Amino acid sequence: ADREARRAELGSRLAALRVRIADACAAAGRSPDEVALLAVTKTVPASDVTLLMELGLTAFGENRVQEAAAK
């Protein structure tokens with residue numbers, strides 16, 4: 001239940017972010033397809049990274065190699 005609630009929360013936040021990106025692209029006269037979304041996972045648990053991958057994210061950034069390897 002907690003996992004599904006967290007997945008729903010992340011999905012909602014991701015959808016809102018994609019709307020903001022689309023709006024910014026429209027204002028700049030660019031296509032959202034030209035923009036790459038890179039999720040920075042600093043301080044984020046590995047379980048959230050897994051959920052974000054399930055939600056379609058494929059690019060992640062981490063500032064510590066040890067943390068990236070674990071995630």
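In helix α1, the residues L10, L14, I21 and C25 are buried, where buried means under 20% relative accessible area, exposed over 50% and partly exposed in between, with a 1.4 Å probe and protein chains only. Helices here are DSSP runs of H or I with at least four residues, strands are runs of E with at least two, and both are numbered from the N terminus. The model is predicted, so local features need pLDDT of at least 70 and side-chain atom pairs count only at pLDDT 80 or more, while totals for chains, interfaces and linings use all residues. Residues are numbered from 1 along each chain as its sequence is written, and side-chain values use heavy atoms, with hydrogens and water left out.

Let's stay with α1 for a moment. This helix has 27 residues and reaches 39 Å from its first C-alpha to its last, close to the 39 Å expected at 1.5 Å a residue; the expected span is 1.5 Å times one less than the number of residues. After α1 comes G29, with a positive phi near 70°.

One of the buried residues of α1 is I21. I21 counts as buried because its relative accessibility is 19%. Leaving aside neighbours within four places in sequence, I21 is in contact with V35 and L37, contact meaning heavy atoms within 4.5 Å. From I21 to S31 is ten residues in sequence and 9.7 Å in space, C-alpha to C-alpha.

What else covers the buried residues of α1? The cover includes α2, residues 46-54. In turn, the buried residues of α2 are D48, V49, L51 and L52. These residues lie on the same side of α2, because they cover an arc of only 165° around the axis, the arc being that of the directions from the helix axis to the C-beta atoms. An α-helix has 3.6 residues a turn, so residues three or four places apart point the same way. Covering the buried residues of α2 are, among others, α1 and β2 (60-61). G56 follows α2 and has a positive phi, near 105°.

Now step back to the whole protein. There are three helices and two strands, in the pattern α-β-α-β-α along the sequence. The C-alpha atoms fill a box of roughly 40 × 30 × 15 Å, taken along the principal axes. Of the 71 residues, 17% are buried. Among contacts with a separation of 6 or more, 40% come from residues 24 or more positions apart.
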